[in-house]
Amino acid sequence: MDEMRPSSGAAAHLGLASIFPPGLQAIYGECRRLYPDQANPLQVTAIVKYWLGGPDPLDYISMYRNVGCPGQDVPEHWHYVSLGLSDLYGDNRVHDQVSGLNFSCTLGFGFELTFRLKREAGETAPPTWPAELMQGLARYVFQSENTFCSGDHISWHSPLDNSESRIQHMLLTEDPQMQPVQTPFGHISFLQIVGVCTEELQAAQQWNGQGILDLLRGVHIAGGPWLITDMRRGETIFEIDPHLQQERVDKGIETDGSNLSGVSAKCAWDDLSRPPEDEDDSRSICIGSQPRRLSDKDTEQIREALRKGLEIKSKSVLPPISSQRHSHDRPQQSVGHFQTQQISRSRKDSLESESSAAIVPHELVRTRQLESVHLKFNQESGTLLPLCLRGRLLHGRHFTYKSINGDTAITFVSTGVEGAFATEEHPYAAHGPWLQILLTEEFVEQMLADVQDLSPREVSKLPKEYSWPNKKLKISVLPDTVFDSPLQ
């Protein structure tokens, strides 16, 4: 259970900083720079700290009153700042210490979350629901070990404040005022949560988060230059300015493609090449059967190999494929934050690090070539297929669906992707429960024509079936209940 009280960090602001751990000092110091007159902000804090067995990873969420900037038409708002995703203490109580630590190392996750909420007329104290929202995101990060980056999107599927608001999803960007700080435990940046409508989230998925954030900055009532969330906003940016969709988003998709390289999803795949009773070799994943799972050791080795791929600076790479546990209070949500950090200037994409011969050592898991496969997605995942095909594969990239229910992963790759274990000769290949589908540009164009009715703007009747017998490929879009089955 959380409680709200004046900041215990006030002493740090009043000249007693030496008694506080360096991580806390650094964040309090940056807040003090912005709010010199608010030495004792209200804080939401967990009664039982995370390292003592409590459920909430964030030690504190500080809440400040920001007067805005009339010159830039920025309204007054509440500014929330988390403390706990970075290493505040450096003593192993939350984040593992590293031997031989130097000033350039980063402990913890290297960032904190912020949120700016428009202050309503007559409001004398900040609402506390953003603190629980931030705790939910922090639980996801701690449990999945997947960090956030500027431009990432988060599908929440519910009004952020549990009202009737259209603001039901989030984008992430750099906080416009909070400057990164350096501590003895590493660098800390500040990522701001920006509430968005469903149509804006879908545009970010189809194009990229940074592009939509730029559009929001240009529309005062939708966020303005500081991207302030207004839970009472009743119109999307595309309703406010209908030209934005065609002139900015559609053109951006055609020119740039999408920089979203994957999403957490409800998905599964069947190997139709072998009889279902062939339990020794089949990687069939279907209702009523249990997929073969990788051992913990093998899963970690695959995760590490993929993590090394993320170190490449010049190419976009596949994100880690590993089991993810979502926040216990919102298990239905997907966090679509597998964004490429940099888009390659060439059409060539990569699934491997430059220092390794293959993305996964061949001795780890035997690669299997499949003759025929059946892919299964829920409706939300299915509506991303056109994005996968048009925004990713036609631009020489890859796209991954990572199951939220287990180890299953489906990666679509184009012929321009390096390091894939699927090839033009054997376009369907699997490492354990990880399936790769290689599609030629010609086949991508054919598929796009066939799945054009999969629109995120329309609710379709399910199930939907798409089949390409000459390619031995079948795709089904199914109700959520199919994937929520305890047998799945």
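Reader: Second largest cavity: how does its lining divide into nonpolar, polar and charged residues?
Author: Four nonpolar, five polar and four charged. Ala, Val, Leu, Ile, Met, Phe, Trp, Tyr, Cys and Pro count as nonpolar, Asp, Glu, Lys and Arg as charged, and the others, Gly among them, as polar. This is a predicted model: local features need pLDDT of at least 70, side-chain atom pairs need 80 or more, and totals for chains, interfaces and linings use all residues. Residues are numbered from 1 along each chain as its sequence is written, and side-chain values use heavy atoms, without hydrogens and water.

Reader: Which lining residues lie nearest the centre of that cavity?
Author: Asp87, Leu88, Tyr89, Val94 and His95, out of 13 lining residues. A cavity here is a set of points on a 1 Å grid over the protein atoms alone where a 1.4 Å probe fits but cannot get out; lining residues have an atom within 4 Å of a point.

Reader: How much space is in there?
Author: About 60 Å³. Points are joined across faces, edges and corners, and the volume is the space filled by probe spheres set on them.

Reader: And how many cavities of 30 Å³ or more?
Author: Five.

Reader: New topic. Ser144: buried or exposed?
Author: Buried, because its relative accessible area is 2%. The cut-offs are under 20% for buried, over 50% for exposed and partly exposed in between (1.4 Å probe, protein chains only). Ser144 belongs to helix H3, residues 129–144. Helices (H or I, at least four residues) and strands (E, at least two) are DSSP runs, numbered from the N terminus.

Reader: What does the Ser144 side chain reach at 3.1 Å?
Author: The backbone nitrogen of Asn146. A polar atom of that side chain also lies 2.7 Å from the backbone oxygen of Tyr140.

Reader: On to E17. How many of its residues are buried?
Author: Six of six, across residues 409–414. Ala409, Thr411 and Val413 point one way, Ile410, Phe412 and Ser414 the other. In a regular strand the side chains alternate between the two faces of the sheet.

Reader: Which way does E16 run against E17, parallel or antiparallel?
Author: Antiparallel, with five bridges. Strands pair if DSSP finds at least two bridges between them. Phe399 has Phe412 as its bridge partner.

Reader: Last one. Where is His426?
Author: In the loop between strands E18 (417–418) and E19 (428–431). His426 is partly exposed, since its relative accessible area is 34%. Leu370 is 56 residues from His426 in sequence, yet 7.5 Å apart in space, C-alpha to C-alpha.

Note on methods
On a 1 Å grid over the protein atoms alone, a cavity is a set of points where a 1.4 Å probe fits but cannot get out, and a pocket is an open set with protein on both sides within 12 Å along at least five of seven lines; lining residues have an atom within 4 Å of a point. A polar contact is a pair of N or O atoms within 3.5 Å; within protein, one must be able to donate a hydrogen and the other to accept it, and residues adjacent in sequence count only if both atoms are side-chain atoms.
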